[in-house]
Amino acid sequence: MTAAIRSVLATASNATRRRIAPARLYTTKPDVSFSELRQIIHGVSSSPYRLIDVREPHEVASGRVPTATNIPLGEVAAAFALPSSEFKAKYGIDRPTPSEETIFYCRSGKRSQDAIDQVEKVDPKLITRNYRGSWLNYAENALGDKPLK
């Protein structure tokens, strides 16, 4: 925040402060497409990443995107507030860092965006992305008519 904005905010009313306060400065990047996700999970893209499935365990039982780790939406904020060692012990992967992209998905894309909103409040330095088509899009494009396991 610049000195000029701080100066104005210091003398402004609460209503004015809300109107002129800077927009959120989170590091959310554009949504991930199926083709981009496929390149990421199959190593075509060399970008470091963590893929987080925020569906409930009973939903994950019907199938998941390769390399994904399940952290149900109800646990996301608490999980990302954990120290790195506890995160790894509980979820079996290193806690995401700002040097990699953290990609979230769910069934259709809404809960994954909710997860991003939660994570950005806990750790705004993370680079978060949403696979908006999520599991339904992945299953349609990658699995086609193959039975789900």
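So, what pLDDT does the protein average, and what share of the residues score at least 70? The average is 84, and 78% of the residues score at least 70. pLDDT, for the record, is the predictor's confidence in each residue, from 0 to 100. Over residues 1-6 the pLDDT is below 50, and that stretch has 4 contacts in the model beyond near neighbours in sequence. Residues 14-27 also stay under 50, with 17 contacts beyond four places in sequence. By contact I mean heavy atoms within 4.5 Å.

Some housekeeping. This is a predicted model, so local features need pLDDT of at least 70 and side-chain atom pairs count only at pLDDT 80 or more, while totals for chains, interfaces and linings use all residues. Residues are numbered from 1 along each chain as its sequence is written, and side-chain values use heavy atoms, with hydrogens and water left out.

Okay, the fold. We have 8 helices and 4 strands, taken as DSSP runs numbered from the N terminus (helices are H or I, at least four residues; strands are E, at least two). Going along the sequence, the pattern reads α-α-α-β-α-β-α-α-β-α-β-α. Of the 149 residues, 36% are buried; buried is under 20% relative accessible area, exposed is over 50%, and partly exposed is in between, with a 1.4 Å probe and protein chains only. Take the contacts between residues at least 6 apart in sequence: 60% of them join residues at least 24 apart.

Now the pairings, where two strands pair if DSSP finds at least two bridges between them. S1 and S2 have 3 bridges, and there leucine 51 has alanine 68 as its bridge partner in S2. S1 and S3 have 5 bridges, with aspartate 53 opposite tyrosine 105 in S3. S3 and S4 (residues 127-130) have 4 bridges; glutamate 101 sits opposite isoleucine 127, and isoleucine 103 opposite arginine 129.

S3, helix H7 (residues 110-122) and S4 form a right-handed β-α-β unit. Right-handed means that, with the strands pointing away from the viewer, the path from the first strand over the helix to the second runs clockwise.

Let's zoom in on S3. Why call S3 largely enclosed by the rest of the structure? Because 5 of its 5 residues are buried. Glu101, Ile103 and Tyr105 point one way, Thr102 and Phe104 the other. In general, side chains in a regular strand alternate between the two faces of the sheet.

Glutamate 101 is in that strand, residues 101-105, and counts as buried at 10% relative accessibility. The glutamate 101 side chain makes a polar contact with the side chain of arginine 129, at 3.2 Å. A polar contact here is a pair of N or O atoms within 3.5 Å; within protein, one must be able to donate a hydrogen and the other to accept it, and residues adjacent in sequence count only if both atoms are side-chain atoms. Beyond four places in sequence, the contacts of glutamate 101 include Lys29, Ile40 and Tyr49.

Next, arginine 55, in the loop between S1 (49-53) and helix H4 (57-60). Is arginine 55 buried or exposed? Buried, at 2% relative accessibility. The arginine 55 side chain makes a polar contact with that of aspartate 53, at 2.7 Å. Further along the sequence, contacts of arginine 55 include Asn70, Tyr105 and Trp135. Arginine 55 and leucine 73 are 18 residues apart in sequence, and 6.6 Å apart in space, C-alpha to C-alpha.

Threonine 67 isn't a glycine, yet has a positive phi of about 75°; threonine 67 is in the loop between H4 and S2 and counts as partly exposed at 40%. Serine 134 also has a positive phi, about 50°. Serine 134 is in helix H8 (residues 134-143), and is buried, with a relative accessible area of 0%.
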